[in-house]
Amino acid sequence: MTYQDTLDWMFAQLPMYQRQGKTAFKKDLSNTLKLATHLSHPEKDFKSVHVAGTNGKGSTSHMVASILQEAGYKVGLYTSPHLKDFRERIKINGKPVSKQFVIGFIKRNRPFFEANQLSFFEMTVGMAFEYFSKQKVDIAVVEVGMGGRLDSTNILTPEVSVITNIGLDHMQFLGDTLELIAGEKGGIIKPNVPVVVGETQNETKPVFDTLAEANTSKVVYADQVVDTVYPSDMIGSYQTKNIKTAFQTIQELRLKGYNISEEHIKNGFLNVVKNTGLLGRWQVLNENPKVVCDTGHNREGLTYVMSQLKEEEFNELHIVLGVVNDKDLNSIVDLLPKKAVYYFCKPNIPRGKDAKALKNELEPHNLIGDTYVSVDEAYKTAIKTASKNDFIFVGGSTFVVAEII
């Protein structure tokens, strides 16, 4: 099998939440535990930091990994979803896993995957953990896929557990209140493992405090104890919270004996993109007109992005917008600027929402624009239409961003 054959099999044969939606979600860790046994428990061979949360977990994971790299550690990084290439999900010191390893892992284990009907996410987590084990990483920063308690990554016992924040997202799986969602994400809290929570929220703090106490785990709220905001190449005022969360995570690792200097921390924050290859977070794609894309897509994520947008200076605003079918547009519609020209499009995945349906739902809210047959056509039209002093924003879904970077 070639690399592309391997990916085609992974995507086509097995359900995958990010593409299909609810049918691919499994509320059970039994398959992951079976796989861990089949692979001789690679998750026990390396230290880790486990990162959950509604927003900011990807950025925070990359920041922590960058600082650890600056400190000279061999650092695994597992994140999801990918934007351009599947291998972005699994990296060591910013370098993606080799195509050969991906092919070999699937080839060796395919009979097991088929016999046990493993999901795309389950086998990808197994692949990451085996790769980190075989490559003998010093520590891996592992981002939760969705939720926490029943996420495939939750077979780890990390050095530090991190929960960035809690918002109303994936409610059909995790619950329809902040307290219920906090209970699911708080499921990564392990006995005697310190917990860093990024944001103090009235609804969720009692949930985390109770879970931490039950596990005899120290809990620290980063927004209450961290005053310094380090400069970072992660542009966007909304990154301030993630910077504080990442810094406190590093402080907990220092308490465990990790040798991380102030210089490592400063350089780590300044070189996140260079060290880790992060894509899609307030990423500037062009100047004159300025084009920015961002993967923020739920209410909390878009709130941060839209407040950043208000800080920009421009003549006219153009927004290339696409979403997925199960997106609750009512939860975000008030955040979208009315004074903008919209280019409605459908991301090229089965879950993508039809551009005409998107336009029809948003026009009654005075969000006016035309529909386009693809993200690429919408983006190219925006570039042609905008003058050099205008601003083009591309977003609404990770999959929209993936198609243009």
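Lys91 touches Val75, Gly76, Leu77, Pro96, Phe132, Thr276, Gly277 and Leu278, leaving aside residues up to four places away in sequence; contact means heavy atoms within 4.5 Å. This is a predicted model, in which local features need pLDDT of at least 70 and side-chain atom pairs count only at pLDDT 80 or more, while totals for chains, interfaces and linings use all residues. Residues are numbered from 1 along each chain as its sequence is written, and side-chain values use heavy atoms, with hydrogens and water left out.

**Lys91**
- Lys91 is found in strand S3 (residues 90–92); strands are DSSP runs (E, at least two residues), numbered from the N terminus.
- Lys91 is buried but has no salt bridge. Buried means under 20% relative accessible area with a 1.4 Å probe, protein chains only, and a salt bridge is a side-chain nitrogen of Lys or Arg within 4 Å of a carboxyl oxygen of Asp or Glu.
- The nearest side chain of opposite charge to Lys91 is Glu88, 6.0 Å away.
- The Lys91 side chain reaches the backbone oxygen of Thr276 at 2.7 Å.

**Strand S6**
- In strand S6 (residues 160–163), Val160 and Val162 are buried on one side, and Ser161 and Ile163 are buried on the other.
- In a regular strand the side chains alternate between the two faces of the sheet.

**Strands paired with S6**
- Strand S1 (residues 47–52) runs parallel to S6 and is joined to S6 by four bridges; two strands pair if DSSP finds at least two bridges between them.
- Val51 has Val162 in S6 as its bridge partner.
- Strand S7 (residues 195–197) pairs with S6 in the parallel sense over three bridges.
- Val195 in S7 stands opposite Ser161.

Technical notes. Buried < 20%, exposed > 50% of the residue type's maximum accessible area, 1.4 Å probe, protein only. Lys, Arg positive; Asp, Glu negative; His and termini not counted. Polar contact = N/O pair within 3.5 Å; in protein donor to acceptor, adjacent residues only side chain to side chain.
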